[in-house]
Amino acid sequence: MKPRTTRTVGESFNLLEDALLHILCSGTDTEASIAREQLGKASWGGYEHDGCDCFLIDVRPTGGIRSIAHDGGPFSFAEVSDGNGTLGFLELWVVDKRLHSVNYMPFGDDHVALPSPEDYTITLIEKE
């Protein structure tokens, strides 16, 4: 397992996290638009699981921030593939009508690192 760098809750997202959030919030519906607004006021909220780069999102309830009309749980999904097939899915979660976390669910072995758009094809799965 790679050593973790020391980070503080409230810091900016790193480049990889920012890229993944951009993909996961790139939908064309109204709720995705609100998710992008929340993302503009969000910061890194910590690691969600020990030994994994899956992360929490901290969205402070400030004046004028709109709520995402979602009952909670997975909000958007992105397929992670390597050209030969699907390796797993990224999930963006919403809790209490605010962005909550990003998780990676691979089909194979457990993972430590999040997939990078530089190494894999990561495609938003549009809602029907």
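A residue is buried when its relative accessible area is under 20%, exposed when it is over 50%, and partly exposed in between (1.4 Å probe, protein chains only). By that rule, 40% of the 128 residues of the protein chain count as buried.

**Before you start**

This is a predicted model, in which local features need pLDDT of at least 70, side-chain atom pairs count only at pLDDT 80 or more, and totals for chains, interfaces and linings use all residues. Residues are numbered from 1 along each chain as its sequence is written, and side-chain values use heavy atoms, with hydrogens and water left out.

**Stop 1: the whole chain**

Show the protein chain as a cartoon. It holds 2 helices and 6 strands. These are DSSP runs numbered from the N terminus: helices are H or I with at least four residues, strands are E with at least two. From the N terminus, the order reads α-α-β-β-β-β-β-β. The radius of gyration is 14 Å, close to the 14 Å that the globule rule gives for 128 residues, so the chain is as compact as a globular protein of that length. That radius is taken over C-alpha atoms, and the rule is 2.2 Å times the number of residues to the power 0.38. The C-alpha trace spans about 45 × 40 × 25 Å along its principal axes.

**Stop 2: colour by confidence**

Colour by pLDDT, the predictor's confidence in each residue, from 0 to 100. The chain's mean is 90, and 95% of its residues reach 70 or more. Among the elements, helix 1 (residues 15-24) has the highest mean, 97. Strand 5 (residues 98-106) has the lowest, 94.

**Stop 3: Phe 13 and Phe 55**

Select the aromatic side chains. The structure holds 3 aromatic pairs. Rings of Phe, Tyr and Trp (its six-membered ring) pair if their centres lie within 6.5 Å; planes under 30 degrees apart count as stacked, over 60 as edge-to-face and the rest as tilted. Phe 13 and Phe 55 make a tilted pair, 5.9 Å centre to centre with 55° between the planes. Phe 13 lies in the segment before helix 1 and Phe 55 in strand 2 (residues 55-59), so the pair ties together parts that are 42 residues apart in sequence. Phe 13 is buried at 15% relative accessible area. Phe 55 is buried too, at 0%.

**Stop 4: Phe 89 and Phe 107**

Phe 89 and Phe 107 pair edge-to-face, 5.4 Å centre to centre and 75° between the planes. Phe 89 is in strand 4, while Phe 107 is in the loop between strand 5 and strand 6 (121-125), 18 residues apart. Phe 89 is partly exposed at 26%. Phe 107 is exposed at 55%.

**Stop 5: Arg 7 and Trp 44**

What sits over the ring of Trp 44? The charged end of Arg 7 does, 4.1 Å from the ring centre. The test asks for NZ of Lys or CZ of Arg within 6 Å of the ring centre and within 35 degrees of the ring normal.

**Stop 6**

Most residues other than glycine have a negative phi. Go to the loop between strand 4 (86-95) and strand 5, where Asp 96 is placed. Asp 96 has a positive phi of about 55°. Asp 96 is exposed, at 64% relative accessible area. Lys 97 lies in the loop between strand 4 and strand 5. Its phi is also positive, near 70°. Lys 97 counts as partly exposed, at 37%.
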